[in-house]
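Okay, thanks for coming, everyone. I'd like to walk you through one structure today, so let me put it up on the screen.

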Amino acid sequence: MCGIFAYFGEKTHSPKLVIEGLKKLEYRGYDSWGIAYKKDGDIAIHKEIGKIGDVHNIEELKDESKIAIGHSRWATHGGVTQKNAHPHFSENKEIVLVHNGILENYLELKKNLEKKGHTFRSQTDTEVIAHLIEDYTRTHSFFDSVKMAMAEMEGRYAIVVMKKDEDALIAARRGSPLILGVGKKHGEYFVASDIPAFLKYTNKVIYLDDNQICTLKNGSTHFFDTIKKTDVQKRIIEIDWDIESAEKGEFPHFMIKEITEQKDTLTRAINQDPETIKQVAKKIESAESVFLVGCGTAGKACMVGQYLFSKISNKQVSFAFGSEFENYKNFINKKSLIIAVSQSGETADTLEAMEIAKGNGAKIVSIVNVENSSMARMSDFVIPVKAGQEKAVASTKATTSQIAILMLLAYACDGEINIGKQLLVNAASQINDMLNPRYEEHISKIAEKIKHVESMYIIGRGENYPIALESAIKLQEVSYIHAEGFAGGELKHGPLALISKDTPVIALVANDEQKKNIISNTIEVKARGGFIIGVSPENQEVFDYWIRVPDVGEASPIVNIIPVQLLAYKLAVLRHVDPDKPRNLAKSVTVK
Ligand code: G6P
């Protein structure tokens with residue numbers, strides 16, 4: 001969702017560099033893009049709708065400039081038009097800026113500015129910020145103007161601002177990610193919403209925290225905290241991500257690369273510092289109430305966690321999607337514990353839930369894939385998912401690792417962390433055997449058979465019920481086939497009416513206490529003409545098509561989702577959908 005990339009330094013080809021940086025952020029999802037840079041004492045802007053495409057066809061690439069800002073936009077306020085694309089100019093074109101997030105009080109600010117004679121060229125909230133800053137620059141310095149504008153701005157955002165007559169860049173954030181890359185040459189800086197955008201140039205980063213402003217000027221940085229109203233000293237952190245892991249390598253898409261990486265990622269997830277796991281388990285045990293919070297796929301991992309805590313450690317744990325958490329705030333106090341689960345660590349709804357919980361005095365644990373992300377930094381305890389960069393919009397490897405960590409915690413609460421670890425080590429080794437070309441071929445065949453269906457359903461029970469929901473998300477996201485997940489027992493209360501001849505239904509049949517019941521549910525579907533795809537360690541008479549998964553006991557949600565991830569991927573390819581960048585979706589959802 002929206003990407004920011006800016007360059008400040010001695011390299012003279014900054015427009016080219018910024019466009020290339022935006023391309024690296026493409027996985028976040030966008031519908032238009034643009035850049036602004038200094039040219040002959042003025043500011044040049046280039047904006048387009050659609051994808052960046054072949055960079056060599058872009059004329060502006062050849063322009064020389066040492067300062068440039070760029071943005072890939074995912075429309076929120078105002079349609080997908082060139083005018084609405086960023087960067088946005090102020091009234092007199094003195095200020096130009098890019099912005100991620102939402103300016104919640106933009107209508108009110110816009111009205112005030114209109115009264116002062118400002119006219120607006122776009123329908124965006126972003127343009128209002130440019131006008132607001134320019135208005136202050138009439139009487140204040142560039143830095144003070146940004147600071148004063150921020151004091152009026154409501155909502156979550158990240159901005160990078162350029163001023164026509166100053167060789168400076170100002171970056172600021174509140175709730176939306178913004179990271180500074182420290183270049184190899186003295187005085188060279190990159191600003192981006194995500195590290196892969198500048199990883200080619202540097203692995204030294206400075207994380208901007210909420211309410212902080214960073215000024216890049218005269219080859220140096222100045223950081224200021226707008227709440228504490230003081231300068232701040234920031235730490236340069238060296239990250240160990242390698243460029244290769246940010247690229248597709250021999251794979252045609254990131255999604256299949258990331259599905260395949262599950263051969264290793266689970267092992268890394270299990271390999272946690274036992275002390276952290278035990279400490280968090282103690283907190284879970286002693287808390288009066290425990291809430292799992294996440295969005296989308298991470299939310300489904302939380303739902304699996306609920307079952308695991310109940311079954312393994314006899315512990316009642318609640319769950320809410322980040323966007324729904326506020327409704328439960330009256331139950332959150334100093335004795336509560338919130339466990340936030342997220343791949344990116346930047347999802348606005350989850351972050352907001354954490355802020356509410358923190359405000360009520362609760363302790364916060366986060367299970368996040370991106371270390372040093374906003375969620376990690378605001379947590380009392382952080383459990384790293386260690387899945388490596390995940391770039392496909394549809395989450396795969398991060399999910400199985402998140403579930404593994406929740407399972408480890410559930411066992412740790414029961415004082416049996418080693419049993420949990422053993423179970424997961426076995427699951428990891430079985431996944432390694434399972435993911436081979438023959439297995440993929442088998443799933444390709446089923447994808448070929450069902451590629452033209454309009455709807456399909458997935459059923460599961462117990463901890464495989466959330467996996468049925470997650471399976472539906474995977475299929476919807478990348479194949480665009482209407483898919484829904486149901487608890488097996490709920491079929492007869494409505495969904496059975498949807499089944500007709502040859503409707504595909506995926507049955508998740510684990511070798512557990514629910515086995516008989518889910519097989520009965522599957523027979524009910526078959527009796528109505530359904531075409532049954534069984535995901536199970538054993539073949540059953542009721543299956544029309546069997547996808548074998550290893551029998552890994554309580555770790556069944558982890559192995560059951562993998563063939564469905566593969567099926568969704570194969571369907572996307574067969575239906576000519578780009579599985580890495582599904583329409584209307586974004587990898588990192590940084591707005592509410
Ligand atoms: C988006 C992504 C999903 C992800 C969800 C939550 O919708 O497309 O893959 O599950 O956000 O993101 P998070 O980074 O918090 O896990």
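So, let's start with helices: how do the axes of helix α8 and helix α14 cross, and within what distance do they come? Before I get to that, some housekeeping. This is a predicted model, where local features need pLDDT of at least 70, side-chain atom pairs count only at pLDDT 80 or more, and totals for chains, interfaces and linings use all residues. Residues are numbered from 1 along each chain as its sequence is written, and side-chain values use heavy atoms, with hydrogens and water left out.

Helix α8 covers residues 296–313 and helix α14 covers 464–479; their axes come within 8 Å and cross at roughly 170 degrees. The element names come from DSSP runs, numbered from the N terminus: helices are H or I with at least four residues, strands are E with at least two. The axes are lines fitted to C-alpha atoms, for helices over the stretch in contact, and the angles run from 0 to 180 degrees between N-to-C directions. That crossing angle is why α8 and α14 are roughly antiparallel to each other. For the cut-offs, under 35 degrees is roughly parallel, over 145 roughly antiparallel, 65 to 115 roughly perpendicular, and the rest oblique.

Who meets whom? On the α8 side we have Gly296, Thr297, Lys300, Met303, Val304 and Tyr307, and they meet Tyr465, Pro466, Ile467, Leu469, Glu470, Ile473 and Lys474 in α14. Contact here means heavy atoms within 4.5 Å. By class, the contact of α8 with α14 splits into eight nonpolar, two polar and three charged residues. In that scheme Ala, Val, Leu, Ile, Met, Phe, Trp, Tyr, Cys and Pro are nonpolar, Asp, Glu, Lys and Arg are charged, and the others, Gly among them, are polar.

Here's another helix pair. The axes of α11 (397–413) and α16 (556–574) come within 9 Å and cross at roughly 175 degrees, so α11 and α16 are also roughly antiparallel to each other. Thr400, Ile403 and Ala404 from α11 meet Ile558, Ile561 and Ile562 from α16. What's the class make-up of the contact of α11 with α16? Five nonpolar, one polar and no charged residues.

On to the aromatics. The structure holds nine aromatic pairs. One is Phe291 with Phe325, which is edge-to-face, at 5.3 Å centre to centre with 85 degrees between the planes. To pair, rings of Phe, Tyr and Trp (its six-membered ring) need centres within 6.5 Å; planes under 30 degrees apart are stacked, over 60 edge-to-face, the rest tilted. Phe291 is in strand β16 (289–294) and Phe325 is in the loop between β17 (318–321) and β18 (336–342), so this pair ties together parts that are 34 residues apart in sequence. Buried or exposed? Phe291 is buried at 5% relative accessible area, and Phe325 is buried at 0%. Buried is under 20%, exposed is over 50%, and partly exposed is in between, with a 1.4 Å probe and protein chains only. Elsewhere, Phe5, Tyr7, Phe190, Phe198 and Tyr201 form one aromatic cluster.

We also have charges sitting over rings. Lys449 lies over the face of Phe531, at 5.0 Å from the ring centre. The charged end of Arg583 sits over the ring of Tyr480, 3.8 Å from its centre. The rule is NZ of Lys or CZ of Arg within 6 Å of the ring centre and within 35 degrees of the ring normal.

Keep an eye on Tyr480, actually, for its backbone. Most residues other than glycine have a negative phi, and most peptide bonds are trans. Tyr480, though, has a positive phi of about 65 degrees. Tyr480 sits in the loop between α14 and β22 (482–487) and is partly exposed at 25%. Lys93 has a positive phi too, about 60 degrees; Lys93 is in the loop between β5 and β6 (95–101), and at 39% it counts as partly exposed. And where's the cis peptide bond that has omega of about 0 degrees? It joins His86 and Pro87, with Pro87 in the loop between β4 (67–73) and β5 (88–89).

Last stop, Ser32. Ser32 lies in strand β2 (32–39) and is buried, at 0% relative accessible area. Leaving out residues up to four places away in sequence, Ser32 touches Glu48, Ile49, Gly50, His71, Ser72, Arg73, Val80 and Ala85. Okay, that's my tour.
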